[in-house]
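Q: Hi! I've just opened this one and would like a friendly tour. Could you walk me through it?

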Amino acid sequence: MTAEDLALRAAAVQAAGTTAPVPSPCVSVCRMDGAGALCEGCLRTLDEIAAWSTLDDAARLDVWMRIGQRACKMGA
């Protein structure tokens, strides 16, 4: 999945808001970048990945917002 794909997916999830269950960003490419800061598949931090199952929908949308920002930065 490209940064552009992730940015579009993030925008779609944010637009849906909490009217539907907030989907996991995981795309089954579980590999941290060279710096160990972000997953190369979903652009989440280790802390975001670890916390995902305990987050409420509002916090999950916040994670998606950060993913979108990261994806836009990478695509720029």
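**A chat about the model**

A: Happy to! Let's begin with S28, which sits in the loop between α1 and α2. Helices here are DSSP runs (H or I, at least four residues; strands are E, at least two), numbered from the N terminus.

Q: Thanks. What should I know about the model and its numbering?

A: This is a predicted model, where local features need pLDDT of at least 70 and side-chain atom pairs count only at pLDDT 80 or more, while totals for chains, interfaces and linings use all residues. Residues are numbered from 1 along each chain as its sequence is written, and side-chain values use heavy atoms, with hydrogens and water left out.

Q: What does the protein chain average in pLDDT?



A: The average is 91, and 99% of the residues score at least 70. pLDDT is the predictor's confidence in each residue, from 0 to 100.

Q: Which elements have the lowest and highest mean pLDDT?

A: Among the elements of the protein chain, α1 is lowest with 90, and helix α2 (residues 46-51) is highest with 96.

Q: Back to S28: is it buried or exposed?

A: S28 is exposed, at a relative accessible area of 65%. The cut-offs are under 20% for buried, over 50% for exposed, and partly exposed in between (1.4 Å probe, protein chains only). S28 also has a positive phi, near 60°, though it is a residue other than glycine.

Q: And what about the phi of L43?

A: L43 is not a glycine either, and its phi is positive at about 65°. L43 belongs to the loop between α1 and α2, and with 5% relative accessibility it counts as buried.

Q: What does M32 touch?

A: Leaving out residues up to four places away in sequence, M32 touches A37, L38, C39, E40, R44 and L46. Contact means heavy atoms within 4.5 Å. M32 lies in the loop between α1 and α2 and is partly exposed, at 27% relative accessibility. Its C-alpha atom is separated by 8.6 Å from that of T45, 13 residues apart along the chain.

Q: New topic: at what angle do α1 and α3 cross?

A: The axes of helix α1 (residues 3-16) and helix α3 (residues 57-75) cross at roughly 150° and come within 8 Å. Axes are lines fitted to C-alpha atoms, for helices over the stretch in contact, and angles run from 0 to 180 degrees between N-to-C directions.

Q: What does that make the pair?

A: α1 and α3 are therefore roughly antiparallel to each other. Angles over 145 degrees count as roughly antiparallel, under 35 as roughly parallel, 65 to 115 as roughly perpendicular and the rest as oblique.

Q: Which residues meet there?

A: From α1, A3, L6, A7, R9, A10, V13 and Q14 meet L61, W64, M65, I67, G68, A71, C72, M74 and G75 of α3. By class, this contact of α1 with α3 has 12 nonpolar, three polar and one charged residues. Nonpolar covers Ala, Val, Leu, Ile, Met, Phe, Trp, Tyr, Cys and Pro; charged covers Asp, Glu, Lys and Arg; the others, Gly among them, are polar.
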